[in-house]
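Here is a short briefing on selected spots in one model. Keep the sequence and the 3D view side by side as you read.

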Amino acid sequence: MELFNNLMLASQLVLDPYVLLVILGSAMFGMLVGCIPGLTATMATALLVPITFFMPPVAAVAAIVTATAMAIFSGDIPGALLRMPGTPASAAYADEAYAMTRQGKAGTALGVGLVFSAIGGLIGTIILMSFAPALAEFALNFSSFEYFWLILLGLSGAVFIGSASALKAGVTLILGLLVAAVGMENPAAHPRFTFGNSELLGGVSLIPMMVGMFAVSEILRYMVNTNPDLRVETGRIGGIFSGVSDALRRYRMGLARGSLLGTAVGMQPGAGADMASWLSYAVSRKFSKEREKYGTGHVEGIAESSAANNSALAGAWVPALVFGIPGDSITAIAIGVLYLKGLNPGPTLFLYNPENIYAIFMVFVLANIIMLPLGWMVIKLAGNILRVPRNILMPVILLFCVVGAFAINNTVFGVTLMLFFGVLGFLLEENGFPVAPAILGVVLGRMLEENFVTSMIKADGNFLVFFERPISAVLGVVTLSIMLWPLAARLFRRGDRISKKAA
């Protein structure tokens with residue numbers, strides 16, 4: 001009876017016309033921000049904070065939840081149409097989606113991404129509603145030892161993300177790890193690789209690097225092409241939902257796996273949708289029956305990673321609501337808004353304000369439902385980009401890239417970084433080196449170092465301690481197995497050939 005009363009009160013809060021108007025407006029704002037390379041979901045959240053000062057509690061949280069969910073999805077749109085991901089979470093499968101666009105399957109790529117994002121978000125929300133306290137308690141069992149193995153597992157997935165050569169993927173991954181080492185954001189807080197430049201003390205910002213390697217490199221590729229393809233010959237984007245039913249039937253296991261993995265990763269402090277997307281793409285490729293199709297325009301990787309993206313958003317709210325521990329940068333901002341509105345995160349929130357908790361759950365459900373019609377509309381409008389000649393489109397895109405890189409820290413240095421990594425990304429790809437592992441190295445590099453150093457201090461230099469905790473031991477064995485399996489398989493095949501010759 002008490003549950004029913006709380007649900008009724010929550011329904012009244014959410015279905016208020018003002019709150020519904022806020023949800024609609026935030027959804028459109030999130031879609032717009034996510035479509036622009038360089039303007040991330042975190043930036044969309046930060047831009048909304050001043051406006052939430054004048055809103056009631058439920059409306060303020062609804063604005064943040066809705067905008068971030070939309071921005072995470074809409075980052076797929078420029079990634080698919082122009083190979084310029086709008087958000088870091090979309091970068092993992094941007095090449096896959098763009099390859100489908102080149103084949104005239106942009107509608108299928110974006111339609112599958114839209115539907116799987118919505119379903120993944122709903123699955124994550126159901127998990128959030130059903131198991132929030134228990135899952136948050138489990139997530140608290142993760143110490144620096146577990147985080148180290150989890151991050152290393154994500155980095156080992158870079159060899160699967162690399163499209164052609166594991167060696168070349170490893171080279172660009174190491175390049176990304178070196179970039180992550182720049183600055184003072186390390187356990188010793190000592191300047192590294194700054195070359196006396198004060199702008200580098202805070203490290204290399206991910207957004208200018210990502211925009212440069214994906215967007216500027218694509219612009220440079222167009223400039224040096226003596227016979228450029230001025231249009232992507234796909235005509236109008238049609239049949240957005242035509243291939244979805246087949247994808248749902250064929251990749252239902254991938255949908256479940258991506259949603260569960262995304263929720264689990266989202267619960268880990270500092271992980272978020274970016275890490276969930278990269279991990280899910282790597283896992284999808286590892287367990288796929290059509291592994292050879294990845295990188296050529298295969299919808300399976302898009303489906304699973306899209307589900308992981310939005311389920312990670314719900315997962316990040318588990319520790320945020322139950323213990324006040326942010327799961328990512330977005331929930332870190334959201335926690336500040338909750339405190340501002342008198343909704344102090346923690347167990348007491350479930351005791352004294354249950355109707356507000358259920359209202360937040362309902363907002364998650366509504367946000368993922370309205371994502372479908374709004375996403376369809378934005379995809380249709382974005383399809384006009386494909387009919388614009390590239391010699392007009394590229395300068396406009398470069399202007400947006402410059403604005404996005406400048407807006408990170410309001411400094412020209414961000415634009416300089418963007419141009420530098422644009423040239424570097426162009427040179428790497430021209431020689432067959434994939435750029436995605438470099439982005440992954442920057443995303444996870446600092447977290448890897450911080451957790452390794454913290455663990456070694458706690459273990460007094462004894463590396464065997466990494467295998468003494470149950471969860472850490474399991475993650476360690478899985479990670480090392482994945483890393484060593486190609487070598488073991490090669491040795492096994494060589495031994496098998498030698499034994500056959502001897503026979």
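Ala94, Glu96, Ala97, Tyr98, Ala99, Met100 and Thr101 are the buried residues of helix 6. The model is predicted. The points below start with that helix, then turn to a threonine and a group of arginines.

**Helix 6 and what follows**
- Helix 6 spans residues 94–102.
- This helix is mostly covered, with seven of its nine residues buried.
- Glu96 is among the buried residues, and so is Tyr98.

**Threonine 68**
- Threonine 68 sits in helix 4, which covers residues 57–74.
- Its relative accessible area is 4%, so threonine 68 counts as buried; the cut-off for buried is under 20%.
- Neighbours within four places in sequence aside, threonine 68 contacts Ala41, Thr45, Leu313 and Ile330.
- Alanine 27 is 41 residues away from threonine 68 in sequence. In space, the two lie 8.3 Å apart, C-alpha to C-alpha.

**The arginine patch**
- Arg490, Arg493, Arg494 and Arg497 form a patch of positive charge on the surface.
- Arginine 497 belongs to helix 22, residues 470–502.
- Residues three or four places apart point the same way in an α-helix, because there are 3.6 residues a turn.
- Arginine 497 is partly exposed because its relative accessibility is 49%; exposed would need over 50%.

Key:
Residues numbered from 1 in each chain as written. Predicted model: local features only at pLDDT ≥ 70, side-chain atom pairs only at ≥ 80, totals over all residues. Heavy atoms only, no water. Patch = residues over 30% accessible without salt bridge, like charges linked within 9 Å, V, L, I, M, F, W, Y side chains within 5 Å. Areas by Shrake-Rupley, 256 points an atom, 1.4 Å probe, with all protein chains shown as cover. Salt bridge = Lys/Arg side-chain N within 4 Å of Asp/Glu carboxyl O. Lys, Arg positive; Asp, Glu negative; His and termini not counted. Charge placed at Lys NZ, Arg CZ, Asp CG, Glu CD. Helix = DSSP H or I, 4+ residues; strand = E, 2+ residues; numbered from the N terminus. Buried < 20%, exposed > 50% of the residue type's maximum accessible area, 1.4 Å probe, protein only. Contact = heavy atoms within 4.5 Å.
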